[in-house]
Amino acid sequence: MSLAVRDVSHWYRRVHALDGIRADAAPGRVTAVIGPNAAGKSTLLRCLIGALRPVHGEVLIDGEPAHRITTRRLAQRVAYVPQRPQVAAAFTVRAVVELGRYALPASRARVDAALAQLELTAIADRPFPALSVGQQQRATLARAVAQLSEDGHLVLDEPTSAMDLRHERECMGLLRRLAGAGATVVIAMHDLMLAADMADDCWLLDGGRLAAAGPAREVMDLQRLRAVFGVEFEWVDRPGRSPLLVAATNGTAPQALE
Amino acid sequence: MSGGRRHLLGLGVLAALAGLAAALRILLDRSPEGTLSLALPQPAWAWVRWTALAVGATVGSGLATSGVLLQALLRNPLASPFILGISAGAGLGVMSAMYVGHVAGVTTGSNLGPALIGALAVLAVVYTLSQRGGWLDPVSLVLVGVIVSAICGAMIMFLQHLVPSGLHGEITRWMMGRIPESTPAATLIMAGGLSLAGVIVAMIMGRAMDAATLGDDEARSVGLALGRLRVWMFILAGALTAAAVALCGPIAFVGLIAPHAARLVLGPHHTLLVPAAALVGIVLVVGSDVTRQAIDLGGGRMPIGVFTALIGGPAFIWLLRSGKGQA
């Protein structure tokens, strides 16, 4: 039960988006995909969910090439949360979450549980387009939670980018619990402090290439981060808690991102 | 009131309105002096009225279902058979058959075949030109559809220019949309059967169309084979439009307005939306035909396209302004 990227290269009209990526995401762990803009994070995630077949290489889902798995069977293994949810109809929040069960047997209990986990029960009957973007992101995450099997794979692209701090932290806690229950969680993030705080593993992308992959603390080497992001970072020890990654503004004094 | 009862009531109201429009189409009589009355038609007129009713129901339900399919397919509340050039393609097919018939000196018979060929040919062109990296790009689809529609319109005008002036009146009336009072039985049965089958198939595909309203990657991630669904829905929408154009000529706004009006009553779920939109389409087309029957401004009976545009245009603007138009 794993997600494996095998020598994946992809390009759009001669522009290399991905170049020879080889990495593994293990079940029970949260893997953060980090990198500057246009590093290839979203393209890699699209390959992981089978939406994009790379020009070279392949993505293996539980050992099976993604492009050989039918859409319906893929949905039973992999759930996906995009950065910008799109629902071009005035469905209620509950109806949107129910779409997570499209390829699976209907389950009111799973849908109710997903709504409750994302604190959406009170607004379950409101139209999705009437929600704030942060609420829409929570509803989309709830849909993926309703879809995800215990040992399935959850792929997320900046899923909390519009959420307030409390809901962002609660969603991250939820992702950690899902991973703890056996799911494989792969999440693209811009917030390096958050990634350092919650990810077990990390894939660092730079210009379509994999700059490093492995345990998050090892990948987030200060010199490597400076080379990739062009910003000074440092780890700040916190008594009784994991160290905090902080970045310097304009390459000068370190400033906590919290 | 529970959701199920509310939906049942909504469908019941729409069915009652469609029934009322149908009854008026059969019973409404206008004397030579212009007096309106309700009475069973004379046997000589009964067949004409039943035929007109069947044509109106076929066209209304077909165009409305086509509109629902296209709006879901493109995730665009402004999508309609006209936007994609399907109506224009079907019209060009019919016009080409008229012209060939005129040159060869033969009667072309049913318009259904030429309309279907024209609609599907335009679909093939639009579909091919809208591919981006192996996927159908909804934005390109709309742009290509608009351009192909304009080209088909120009070719229709060119062919109209070539035929003798004696045929211009008939062609102009057809292009403005009219419900014929005599239609070959085979054409009516084929078109009617197609519309009925289209409504049933679209209802069966309702949940898939619900999922198709998500973004492309999201729709696939929940298990929807989006590419295959789009191809089949596209073809079905083309066939329904072709049947409508073959019977009545291009009729504007029904494919655009009926889905929106149905959403206001039944909500966005396609399993219910499809039959609701079909009923609204019947109300619009048959109701417009009844209104046309009732009004005589001295220049003969007006084309039905005038009424659907007069009703549909303002309704569309209202939908747009009120923000109630969601795909």
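Tutor: The questions that follow set values against definitions. Please note that this is a predicted model.

Student: Why is A:Asp157 called buried?

Tutor: A residue is buried if 20 or more other C-beta atoms lie within 10 Å of its own. A:Asp157 has 23 such atoms within 10 Å, and therefore it is called buried. A:Asp157 has its place in strand β7 of chain A.

Student: Which residues does A:Asp157 touch?

Tutor: Leaving aside residues up to four places away in sequence, A:Asp157 touches A:Ser42, A:Leu45, A:Val81, A:Pro82, A:Gln83 and A:Ala188. The C-alpha atoms of A:Asp157 and A:Val33 are separated by 9.0 Å, and these two residues are 124 apart along the chain.

Student: What makes B:Gly255 buried?

Tutor: The cut-off is 20 or more other C-beta atoms within 10 Å. B:Gly255 has 33, so B:Gly255 is buried. B:Gly255 lies in helix α11 (residues 254-266) of chain B. Its contacts, not counting residues up to four places away in sequence, are B:Leu63, B:Ala64, B:Ser66, B:Gly67, B:Ser80 and B:Pro81.

Student: What makes β6 and β7 of chain A paired strands?

Tutor: Two strands pair if DSSP finds at least two bridges between them. β6(A) and β7(A) have four bridges, so they count as paired, and the sense is parallel. Within this pair, A:Tyr80 stands opposite A:Val155 of β7(A).

Student: How do you know that β3 and β8 of chain A are paired?

Tutor: The reasoning uses the cut-off of at least two bridges. Strand β3 (residues 30-34) and strand β8 (residues 184-188) of chain A are joined by four bridges, and therefore they pair; they run parallel. A:Thr31 has A:Val186 in β8(A) as its bridge partner.

Student: In what order do the strands of the open sheet in chain A stand?

Tutor: The order of its six strands is β6-β7-β8-β3-β9-β10, with mixed pairing. From one strand to the next, the twist averages 15°.

Student: Why is one side of β6 and of β10 of chain A left without a neighbour in the sheet?

Tutor: Each of these strands has a single partner strand, because β6 and β10 (209-215) of chain A stand at the edges. In β6(A), A:Val78 and A:Tyr80 point one way, while A:Ala79 and A:Val81 point the other way, and all are buried.

Student: Which helices of chain A lie across or pack on these strands?

Tutor: Helix α5 (residues 133-147) of chain A lies across β6 and β7 (153-157), and runs at about 175° to β6(A). Helix α6 (residues 165-180) of chain A packs on the sheet and touches β3, β7 and β8 of chain A. The direction of α6 makes about 150° with that of β8(A).

Student: How many residues of chain A are in contact with chain B?

Tutor: There are 22 residues of chain A in contact with 17 residues of chain B. By class, this side of chain A has 16 nonpolar, four polar and two charged residues.

Conventions
Residues are numbered from 1 along each chain as its sequence is written. Chains are lettered from A and ligands numbered from 1 in the order in which they are written. This is a predicted model: local features need pLDDT of at least 70, side-chain atom pairs count only at pLDDT 80 or more; totals for chains, interfaces and linings use all residues. Two residues are in contact if their C-beta atoms, placed from the backbone, lie within 7 Å. Ala, Val, Leu, Ile, Met, Phe, Trp, Tyr, Cys and Pro count as nonpolar, Asp, Glu, Lys and Arg as charged, and the others, Gly among them, as polar. Helices (H or I, at least four residues) and strands (E, at least two) are DSSP runs, numbered from the N terminus. Axes are lines fitted to C-alpha atoms, for helices over the stretch in contact, and angles run from 0 to 180 degrees between N-to-C directions. A residue is buried if 20 or more other C-beta atoms lie within 10 Å of its own, exposed if 12 or fewer, and partly exposed in between; C-beta atoms are placed from the backbone.
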